[in-house]
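Please open the structure in your viewer and keep the selection tool at hand. We will go stop by stop.

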Amino acid sequence: MTEIAKEKLIVALDVDRADRARQLVDALRDSAGMFKVGMQLFTAAGPDLVRHIISGGNRVFLDLKYHDIPNTVALAAIEAARLGVSIFNIHAAGGGEMMKQAAEAVAEIALQENLIRPKVIAVTLLTSVDRVTLEQIGIDEAAPPVVRRLALLAEAAGLDGVVASAQEIKIIHETVTKPEFLIVTPGMRSAQAAADDQRRTMSVTEAIRAGADYVVVGRPILNAPDPAEAAREFVHEIAQALAMAHPDPEFTEQTRAQSVH
């Protein structure tokens, strides 16, 4: 169960220097299943750092949230696939055609160039977004129905899953019918920690028990006196949550078969 729990932990490398990111990867490679490279680090260090992390046998979630005209996003998606990342994301708000073209472009280039096809997932609503934020951009709805609609749009476009708040996991499971549709939950914390600037969030335990496939943890690990120990504590918390949520012994083999490579 511990190995399965480790694979579900994505550590967010939210730092501003390549050398710091490499240090964290070296320290955490045995305690995390994947590393997230987001806008700050990618802007500072570029694709070469992503290649370096992957060349060391590590998996990368490229968190750049592509959102542009369909052709532009499709071309960026091709380059993400060529980088060798395991997962990358685009904004569901870009619409069905944008998501569809990205998914098709990735599948085509993976076949043409004999690449491992990365999972393409859609950001529904950022976890910092609340009802006030939605009203500011002209959406007179609460977050749950918006997330439901965007998740359905992502499924229809052929994407592999979504990024969503843990608070909407149940809604997504009730709405989407595609088998193995991934749910990645960001802004995670332990059951004892504060929520920082994440407004629609839950603890790792709550997210895993609700059915999250991956949890993304940043500051609680990066800012810890011993990041590796903090990561191991999160893995332990995930393992306990899995044991409570899935007492069936067949779960181990099912989860291993569904993992992202």
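In which loop is Glu180 found? Select the loop between helix H9 (169-175) and strand S7 (182-185), and Glu180 is there; helices (H or I, at least four residues) and strands (E, at least two) are DSSP runs, numbered from the N terminus. Phi of Glu180 is near 60°, a positive value in a residue other than glycine. Most residues other than glycine have a negative phi. Glu180 is also exposed, with a relative accessible area of 53%; exposed means over 50%, buried under 20%, and partly exposed in between (1.4 Å probe, protein chains only).

A word on what you are looking at: this is a predicted model, where local features need pLDDT of at least 70, side-chain atom pairs count only at pLDDT 80 or more, and totals for chains, interfaces and linings use all residues. Residues are numbered from 1 along each chain as its sequence is written, and side-chain values use heavy atoms, with hydrogens and water left out.

Now show the whole chain as a cartoon. There are 13 helices and eight strands, and 51% of the 261 residues count as buried.

Next, select the strands. Eight of them form a closed barrel in the order S1-S2-S3-S4-S5-S6-S7-S8, with parallel pairing; two strands pair if DSSP finds at least two bridges between them. To see S1 meet S8, pick residues 9-12 and 214-217: three bridges join these parallel strands. Leu9 stands opposite Val215 in S8.

Helix H4 (residues 47-55) comes next, packed on the sheet and touching strand S2 (34-38) and strand S3 (60-66). Contact here means heavy atoms within 4.5 Å. The direction of H4 makes about 155° with that of S3, taking axes as lines fitted to C-alpha atoms, for helices over the stretch in contact, with angles from 0 to 180 degrees between N-to-C directions.

Stay in S3 and select Lys65. Its phi is positive, about 50°, although Lys65 is not a glycine.

From Lys65, move to Ile90, which touches it. Among the other residues that Ile90 touches are Tyr66, Val73, Met98 and Leu159.

Finally, colour the largest nonpolar core, a set of 80 residues. Such a core consists of buried Ala, Val, Leu, Ile, Met, Phe, Trp, Tyr and Cys residues joined through side-chain atoms within 4.5 Å. Leu9, Leu62, Phe88, Ile90 and Ile221 touch the most other members. Helix H12 (residues 227-245) gives the most to this core, with nine residues. A second, separate core of twelve residues includes Met34, Leu182, Val184 and Val216.

Notes
Lists of a residue's contacts leave out its neighbours within four places in sequence.
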